[in-house]
Each structure stands twice: as structure tokens, then as C-alpha cells.
Amino acid sequence: MEAQEAPLLVVQEGPLVGHKWPLDREVAVLGRGEECDIVVPERQVSRAHLRIKREAGNYVLEDLGSKNGTFVNSRQVQAGTPVHLQDGDEIQVALSVRLVFVGAEATLPLAGPEMQPITAGGLRLDKAQRRVWISDREVEPPLSLAQYRLLEMLAEAGGRVVGREEVVATVWPEAMEEGVSEQAIDALVRRLRDRLAELDKEHEYVVTVRGHGFRLAGK
């Protein structure tokens, strides 16, 4: 399988969900204005909201002083402080649109047993491309990076109860020192349940074990 020619921005939440924009130019400006390279016609998005630049083969995101902010992996990007993007990074534009940055190398096959598909609890996970199926139906649009990390961890746990600290360490490793609220963890679990329920409303895959954590329930 060959790599895609350029990285992509893929909309995961918002009115343009599923839409993909290739980053095939040196500089791409995203905003509400029609003059932007990537137009997101949402009121909360600034006319020129953010810019993504290619620098020596890497991609750098800059907030352009937007009114409602830009967040990468839940951390706000300060205007004038560039952030280097990596495959799988989540980009929240204001409060209305969530994107994922898919690196140009993302479709390359990844060798080794650690990247073999996981089958657990009626689910199938492709670790190389972070895709999920229930029976033979794929979860579309793809799960967010945080949702996928949580699901993969539960699937690999094989029914073991996973504590909240372990969830934070796996899903938000960059936030270990600052900590993540219980409300944020519960919200992530709820969103993951909702996404899986889009394909299977009869079974609750992610079970809360009060006082202990979470586990994956098999079918």
C-alpha cells in the first residue's frame, strides 16, 4: 500500500463531518472567509482562524488571533506560538468543528505483531489505521484519537477493569502532570458509547464499574 501524497485534515465533528482537505500546498489558511484555502462556514469560526505551514517536511499550525480559539489535543494554541503537528493530532476549531490531522505516511503498512488487528467483544480494530468495525460494519466517520485510544486500551485489557489513572496515562499522556478531571473522562466514555451505539444499539460495549473504572463487555 502506498502512502497518500499529502497529509489530510478530516472533519470528525461538525456540519462538514467526513469532509477531507489535502494539505498539498506550502501554506493553507482555514477560516470562515471565502478567501481562505479551507472554508468552514461556521459562525464561531473566525474569518481567518488558523494557518498550517509546511516547514522542512513538517507541518506547523498557528492560530491567527481567532476569537474562539484553536486547540490541539485539548490544549489551546496561543496566537504567535506555532505547534508542530503529528499524525493523529486532534484540532478543535472554536467550539463547532473538530478535525484530525492524518500524516502523509499514515497509509503505509506498519510491520510487527504490535500492529496486528485486535478482535475483542464483537469489535475489530485495525491498529495501523485506527479503524473500528462492529461485525462487518465500519464505524464512520472514524473515532477521535482519544476515543480510539480508550477503545484500544479496553480491547487489549481483555475484560480487565481499567482504572481512571490508566485511562489518563493512555488517552492523555501529555496531561499526566496537570491531571484530567473525572468529568472529562466520563464525557469521553459517554461519547465513545454513543459512537458505537450508532451501529449497535442493543449492546453496551463499554461498562462502568463503579469505584474501579471501565471494562469492555463481550457479546
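The structure is a predicted model, and the values given here are computed from it. E62 belongs to strand 6, which covers residues 58-63. Once neighbours within four places in sequence are set aside, the residues in contact with E62 are L50, R51, K53 and P82.

Two of these contacts involve charged partners. The side chain of E62 makes a polar contact of 2.7 Å with the side chain of R51, and the side chains of K53 and E62 meet in a salt bridge, at 3.5 Å from N to O. K53, for its part, is partly exposed, with a relative accessible area of 21%, whereas E62 counts as buried. A network of salt bridges links R51, K53, E55 and E62.

The count of salt bridges comes to 13. One of them joins D37 to R25, with the closest N and O atoms 2.8 Å apart. D37 lies in the loop between strand 3 (27-31) and strand 4 (38-39), and R25 in the loop between strand 2 (20-22) and strand 3, so this pair ties together parts that are 12 residues apart in sequence. Both residues are partly exposed, D37 with a relative accessible area of 35% and R25 with one of 39%. Another salt bridge is formed by the side chains of R54 and E26, at 2.6 Å from N to O; here R54 of strand 5 (residues 50-55) is linked to E26, in the loop between strand 2 and strand 3, across 28 residues. R54 counts as partly exposed at 29% relative accessibility, and E26 likewise at 45%.

The largest nonpolar core has 30 residues, and L125, L150, L151, V167, L196 and L216 have the most contacts inside it. Among the elements that give two or more residues to this core are helix 1 (145-157), helix 2 (164-171), helix 3 (182-197) and strand 17 (213-216), and the largest share, eight residues, comes from helix 1. Beyond four places in sequence, L196 touches I134, V139, L151, Y205 and V206. Another core, of 21 residues, lies apart from the largest one and includes A28, V45, Y59 and V72.

Strand 17 also takes part in a strand pairing. Strand 16 (residues 206-209) and strand 17 run antiparallel and are joined by four bridges, in which V209 has G213 of strand 17 as its bridge partner. The two strands form a hairpin with three residues between them, and G211 in the turn has a positive phi of about 80°.

Terms used:
Residues numbered from 1 in each chain as written. Predicted model: local features only at pLDDT ≥ 70, side-chain atom pairs only at ≥ 80, totals over all residues. Heavy atoms only, no water. Core = buried A, V, L, I, M, F, W, Y, C linked by side-chain atoms within 4.5 Å. Buried < 20%, exposed > 50% of the residue type's maximum accessible area, 1.4 Å probe, protein only. Contact = heavy atoms within 4.5 Å. Pairing = 2+ DSSP bridges. Polar contact = N/O pair within 3.5 Å; in protein donor to acceptor, adjacent residues only side chain to side chain. Salt bridge = Lys/Arg side-chain N within 4 Å of Asp/Glu carboxyl O.
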